[in-house]
Amino acid sequence: MKKLLTSVLASWLSMMLCSCTADLKSYSGENWVRFIDNEEDVYSFAYYSETKTTDTVKVAVMTVGNVVNYPRKVRIEQVRQAWQYKYADDDANKIIDSTYTDMEYPAEPGTHFEILNVTNNEVVVPEKQNRVELKILVKRNDKDLQKHARQLHLKLLPTEDFGIASPTFELKKILISDKLEKPRRWSANNYYCNLYLGEWSEVKHRFMINVTGRKWDDEFINYYIRASNDRPLRDFYLKKIKKALEEYNADPKNNPPLRDENGNKVVFP
């Protein structure tokens with residue numbers, strides 16, 4: 001009986017695999033294109049010394065559908081408008097109004113960025129490939145980046161080769177800055193950040209970087225704080241920061257206590 005069941009199961013799996021393979025080979029639907037994700041990427045030169053004036057940000061675009069033996073074109077445009085939201089006075093998460101309007105600080109091509117592998121607003125997906133990376137050169141020369149971050153929004157457009165897979169993944173946002181920006185994962189709604197870090201401020205963030213030599217950016221926070229993947233090292237860093245803050249505030253020469261850019265006392269939970 002056991003041998004019979006094993007034989008039947010093997011036959012069923014074989015048929016399923018053949019069926020799936022046949023479906024893939026015979027696929028002839030529309031081909032689409034999309035960004036890998038729709039999260040906003042933040043690039044800040046503030047993490048680096050003044051000698052670093054350019055860097056390359058890579059943004060992945062993937063295709064959905066057939067993989068073919070010839071190159072195909074993906075069309076991209078820069079969007080210079082965005083939604084602006086008005087929030088309730090008594091609830092910072094409650095949107096009470098929204099407007100689609102011109103960006104106050106859009107990234108300017110040539111000044112703040114350059115897409116190295118795009119020609120005439122098009123990038124090529126190589127033959128037998130289902131993805132391509134946009135290579136975006138970000139630039140630091142504009143001193144105003146130390147005051148106002150610039151928004152770079154890139155939108156995918158339909159072409160003869162591709163339709164748009166999803167409105168949700170047709171837009172990619174990149175923030176270019178030369179000052180510390182609040183990491184996306186350091187959210188007021190994030191339990192772990194509230195528990196271990198408290199409210200974000202630029203002064204607090206810079207103090208943490210100076211004490212530990214680590215960025216405390218999204219990648220670092222996700223690994224050491226949010227996911228708690230290395231608790232001993234996380235606890236070591238937090239104790240080191242709190243001790244450094246105590247020593248700073250104990251020194252009268254620092255005109256303690258340490259306060260942030262809004263005049264609030266810097267504290268850790």
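**View 1. A nonpolar patch on the surface.** Trp83, Tyr85, Tyr87, Ile95 and Tyr100 come together as a nonpolar patch on the surface of this predicted model, with about 550 Å² of accessible area together. Patches are built from residues with over 30% relative accessible area and no salt bridge; nonpolar side chains (Val, Leu, Ile, Met, Phe, Trp, Tyr) are joined within 5 Å, and like charges within 9 Å. Accessible areas come from the Shrake-Rupley method with a 1.4 Å probe, and for residues only the protein chains shown count as cover. Strands β5 (81-88) and β6 (91-102) each supply at least two residues of the patch, and the largest share, three residues, comes from β5. Tyr100 sits in strand β6 and counts as partly exposed because its relative accessibility is 41%. Here, buried means under 20% relative accessible area, exposed means over 50%, and partly exposed lies in between (1.4 Å probe, protein chains only).

A quick note on reading these views: residues are numbered from 1 along each chain as its sequence is written. The model is predicted, so local features need pLDDT of at least 70 and side-chain atom pairs count only at pLDDT 80 or more, while totals for chains, interfaces and linings use all residues; side-chain values use heavy atoms, with hydrogens and water left out.

View 2. Look for Tyr192 in helix α2 (residues 191-196). Helices (H or I, at least four residues) and strands (E, at least two) are DSSP runs, numbered from the N terminus. Is Tyr192 buried or partly exposed? Tyr192 is partly exposed, because its relative accessibility is 33%. The C-alpha atoms of Tyr192 and Ile225 are separated by 6.3 Å, although these residues are 33 apart along the chain.

**View 3. Salt bridges, pair by pair.** Side chains of opposite charge can pair when their charged atoms come close. A salt bridge here is a side-chain nitrogen of Lys or Arg within 4 Å of a carboxyl oxygen of Asp or Glu, and a search of the whole structure finds 14 of them. In the pair of Glu181 and Lys179, the closest N and O atoms are 2.8 Å apart. Glu181 counts as buried because its relative accessibility is 14%, and Lys179 is buried with a relative accessible area of 17%. Asp55 pairs with Lys52, with closest N and O atoms 3.6 Å apart; Asp55 is partly exposed at 21%, and Lys52 is partly exposed at 25%.

View 4. Asp235 forms a salt bridge with Arg234, and their closest N and O atoms are 3.1 Å apart. Asp235 is partly exposed, with a relative accessible area of 30%, whereas Arg234 counts as buried at 7%. Salt bridges that share partners also join Asp37, Asp41 and Lys172 into one network.

**View 5. Where to read with care.** The mean pLDDT of the chain is 88, and 88% of its residues reach 70 or more; pLDDT is the predictor's confidence in each residue, from 0 to 100. Among the elements of the chain, strand β7 (residues 113-115) has the highest mean pLDDT (98) and helix α1 (residues 2-25) the lowest (44). Over residues 1-13, pLDDT stays under 50, and the model has zero contacts there beyond four places in sequence. Contact means heavy atoms within 4.5 Å. Where pLDDT is low, the predicted coordinates should not be read in detail.
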